[in-house]
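User: Could you take a close look at one part of this for me? I'd like to hear how it packs.

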Amino acid sequence: MHRSKNLKNALMAWTSLSPALIFIGLIILFPIGYTFYISLTNMNIFNWFDFRVVGLGNYRRALFVFDSGFLRALWITVIWTILNMVLQLVIAFVMASLLNVQKLKYARVYKTILMFPWAMPGYVSILLWRHGIFNAQFGLLNQWLYQLGMEPRRWLADDLTAFVVCMIVNLWLALPFMMMIMDGALKSLDKSYYESALIDGAGWFTRSVRLTIPAIRPIIAPAVIITLFTTFKQFDVIYLMTQQVGAQTGANIHTVLTYAYESAFVTRNYGYSSAVSIIIFAMLIAFSLLVTVLRKRGQSA
Amino acid sequence: MKLNHKFAQKIGLLLLNVFFIALCFIVLIPILYALSISFNAQGGLLGSDFRFIPRAFTLDHYRAVLVDQPLFLWFGNTLVLAFSAVGVALSVSVPGAYALSRFRFGGRQKVFSGLLLLHAFPAILSMFAIFRLLSPLGLINSRMGILIIYVGTMTVFGLLNLKGYFDSIPIEIEESAAMDGAGMWHTIKSILLPLARPALIVTGVMVMIFVWNEYIYAITFMTGASNYTLAVGLYTLQATEMTGSWPVFAAASILVSLPILFIFFATQKYMTTGLTAGGVKG
């Protein structure tokens, strides 16, 4: 009797899940498996049909041949992630603290306006930055430089400048979310933690480090981890600003994702690109397992 | 002494307000600039001194977008795609999330952990594989093809987000209904779904925004101009990087962003309650 009820339960559960799982299987799971298969072959634009299995050669090329570019992209991605996270956390914390200064009457208005970068469609904003602000011929920045009597610059042409420009755009896009999380965390604390933040000056800094930050850390942790992942997985900013197919700006900067995309859709080396994809996915899995373990340990301690 | 302190506080507040007003302006510069250029009759080329409030207004650029470019076609395509994706994604996610939240069955934990892992998977990585799989099925440059992709991608989020929210609703409410003899589907429909309204709205809005903002799959898969979504249309507009087309692109950007801005600010109050559950963000 009990067993048949369990069975019925399981049957009901799987039936309810199956439509969702079919979509996921079809569009996510199976393509990942297929990507893994392609990664073991020499499939490319010339061997579209007559490709053959070549083993782990593509992986070897990605991981051990420095010239292949994957390691360079990984290195850039790591620096990108660290710099973005540090700047985001610091700036968002300071902004949220300032927004929570008592008697700041229009804090809500400011907050709403500062949400705009988050609300806008991301690709539209990035394209507006690219063409509106940083375009070499008619971008706003060069117009201003011109009026100041300075030479216009090609902002997206060399690696370092393009990297900094992309960071600015990414911060612009990502800060509102982080700020809102910090703001929510601060609001959940006792007011005495952060009040008169502005007036106390140095006192505010020590209090933040000793009291406020440890207090909000568990509250903001999930959002910070999510942002860490999205920053590492960044594609849109780098791609739309510098690497659009047919409209590359000359800067050779790649995150791992734009690199995987480029080796599939520009250089059309599908086997190699698939190997890169699998490596990235493996890193993401390892990364999330690590985070889970660390968080569990942190909670039990 | 006390007066002095009060005075310092006032100055501090004033400075803080000045700071925030300046910051808001700086943050909005890219948007304001596009807005201004889209109405500016003078173009806005290098050297002509630019002002945020144009000296001469024009609606030409908007007319160019609406008349010369098939914006309404793109808009229609996007709308159909977005609403279908929301409909399908919600109707497969609700029962699935219900099963994950309410039933205890073998493999439940495995499915859940699997979903968490897949949620970290960037869809771009398997784009080529999907392309190759869908192309013999005739699902490239097809609305059905891209719809399946969007639904598949967002169902992971839908399941996780809805399950997280269902978990927070006490099961006793449904049990009492079940005791009154109501069937499972009836219980879901009449009791659970009304209670889960914030999560349903947020999940739906996230799918909607995802479809509206997705461009990389769309430009790769939707090769025929008649199937262009707004994102593809806008992408092709900017790709012809000519000085003359920039004001038109600016106008198109503003038009494309308006619906999303509206949805975002209209549903913002649900975002905190409907999204915190499960700790997942789209």
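Analyst: Let's go with chain B, where 44% of the 282 residues count as buried (20 or more other C-beta atoms within 10 Å of a residue's own; exposed is 12 or fewer, partly exposed in between, with C-beta atoms placed from the backbone). Bear in mind that this is a predicted model: local features need pLDDT of at least 70 and side-chain atom pairs count only at pLDDT 80 or more, while totals for chains, interfaces and linings use all residues. On labels, residues are numbered from 1 along each chain as its sequence is written, while chains are lettered from A and ligands numbered from 1 in the order in which they are written.

Chain B has 12 helices and zero strands (DSSP runs numbered from the N terminus: H or I of at least four residues for helices, E of at least two for strands). Its C-alpha trace spans about 75 × 75 × 30 Å along the principal axes. The radius of gyration is 24 Å, whereas a compact globule of 282 residues would come out near 19 Å (taken over C-alpha atoms; the globule rule is 2.2 Å times the number of residues to the power 0.38). Look at contacts (C-beta atoms, placed from the backbone, within 7 Å) between residues at least 6 apart in sequence, and 74% of those in chain B join residues at least 24 apart.

Now for the inside. Zooming in on A85(B), and skipping residues up to four places away in sequence, you'll find it touching L147(B), Y150(B), V151(B), M154(B), V207(B) and V211(B).

Why is F39(B) only partly exposed? Because it has 19 other C-beta atoms within 10 Å. Leaving out neighbours within four places in sequence, F39(B) contacts P54(B), F57(B) and T58(B). From M154(B), 115 residues along the chain, F39(B) is separated by 37 Å between C-alpha atoms.

Terms used. Contact = placed C-beta atoms within 7 Å.
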